[in-house]
Amino acid sequence: MNRALILGGTADASLLAAEIARAHVEAVYSYGGRTRAPSDQPLPTRIGGFGGVSGLADYIRREGITHVIDATHPFAAEMSRNAIEACAEAGTPLIALERAPWTKAPGDNWIEVADVNAAVAALPDAPAKVFLAIGRQHIAPFASKPQHTYTLRFVDPPEAPLPFAAEVIVSRGPFTLEAELDMMRMRGIARIVARNSGGDGARAKIDAARALSLPVIMISRPKLPERLRVESVAEIMQWLGHRTCLGA
Ligand code: NAP
């Protein structure tokens, strides 16, 4: 009998969990434990790290996991690498549910960079109002360019002091184009730093930047080893051997 492990924490993982529950596939949903009040899932849920590759391989064996679905965020690269290695070690099939990255549309002014440090380097020296649309664990390097006024947006209020003075918005997406336009106009944002997450949930800020002709410093996704990867919940259900009521 199948018993799936969903490595979650994304909107796509929630859609998958709903479909898996509807299909009565036995499964466990795993959160990394980064947000204080993660959304409820219609599946048994566990929260927190497994303890690296060996911890995850042990968990897979102990819990009788037959299929692992990596539905984590495209920038959660450590978890994804661990899943590849642990599944190889345990001999368990792995598939990734991952949206395609965004691609540039006419009117976009993107400066594409490889990582956060390159994003810091790509900021101009002259003071500017910068919207840092990246996770809080990645903001520290921007302390080296303190001349800018940074706006940050988090799901939970920061618990520890930030590494530099910043205006903080506490809000959980998804955000509409109108809301992003209002936010950027109200704060006089001149430049955006974003990660190429892909998907619809986070793209309103990119559409707003285009509408306002603002440059976006776009951080590319981390490179991962080859793995089986699909973009839809329906394909995951097929892989699990189930029909789905969702469109592809
Ligand atoms: P990460 O850097 O790749 O992972 C660091 C460690 O956190 C992993 O080695 C693992 O610990 C633990 N972990 C991560 N995701 C886990 C999960 N779903 N279940 C159990 N343990 C997990 O990950 P991250 O970027 O901090 O992201 C953490 C979570 O937030 C993920 O679930 C991700 O989908 C979600 N999220 C991330 C982003 C983002 O921008 N990165 C955005 C939206 C949502 P052990 O080594 O101890 O197993």
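Are Glu180 and Arg153 buried or exposed? Both residues are buried, where buried denotes a relative accessible area under 20%, exposed over 50%, and partly exposed the range in between (1.4 Å probe, protein chains only). The model is a predicted one, in which local features need pLDDT of at least 70, side-chain atom pairs count only at pLDDT 80 or more, and totals for chains, interfaces and linings use all residues. Residues are numbered from 1 along each chain as its sequence is written, and side-chain values use heavy atoms, with hydrogens and water left out.

**Overall architecture**

The chain contains seven helices and twelve strands; helices (H or I, at least four residues) and strands (E, at least two) are DSSP runs, numbered from the N terminus. Its radius of gyration is 19 Å, which agrees with the value near 18 Å that a compact globule of 248 residues would have. That radius is taken over C-alpha atoms, and the globule rule is 2.2 Å times the number of residues to the power 0.38. The C-alpha trace spans about 60 × 35 × 30 Å along its principal axes.

Of the 248 residues, 46% are buried. Among contacts (heavy atoms within 4.5 Å) with a separation of 6 or more, 64% link residues 24 or more positions apart.

**Salt bridges**

The structure holds 18 salt bridges, each defined as a side-chain nitrogen of Lys or Arg within 4 Å of a carboxyl oxygen of Asp or Glu. Three of them are listed below.

| Glu180 | Arg153 | 2.8 Å |

Glu180 forms its salt bridge with Arg153. Because Glu180 lies in helix H5 (residues 177-187) and Arg153 in strand S8 (residues 149-154), the pair ties together parts that are 27 residues apart in sequence. Salt bridges that share partners also join Asp70, Glu98, Arg221, Arg227, Arg229 and Glu231 into one network.

Asp108 is buried at 13% relative accessibility, whereas Arg210 is partly exposed at 22%.

**Helix H6**

H6 is mostly covered, with six of its eight residues buried. These are Ala204, Lys205, Ile206, Asp207, Ala208 and Ala209. Their cover includes S6, strand S7 (129-133), H5, strand S10 (191-195) and strand S11 (216-219). Just after H6, Ser213 adopts a positive phi of about 55°.

**The loop at Thr92**

Thr92 occupies the loop between helix H3 (77-90) and strand S5 (94-97). Thr92 is buried, with a relative accessible area of 10%. Beyond its neighbours within four places in sequence, Thr92 is in contact with Ile60, Ile65, Thr66, His67, Val68 and Cys87.
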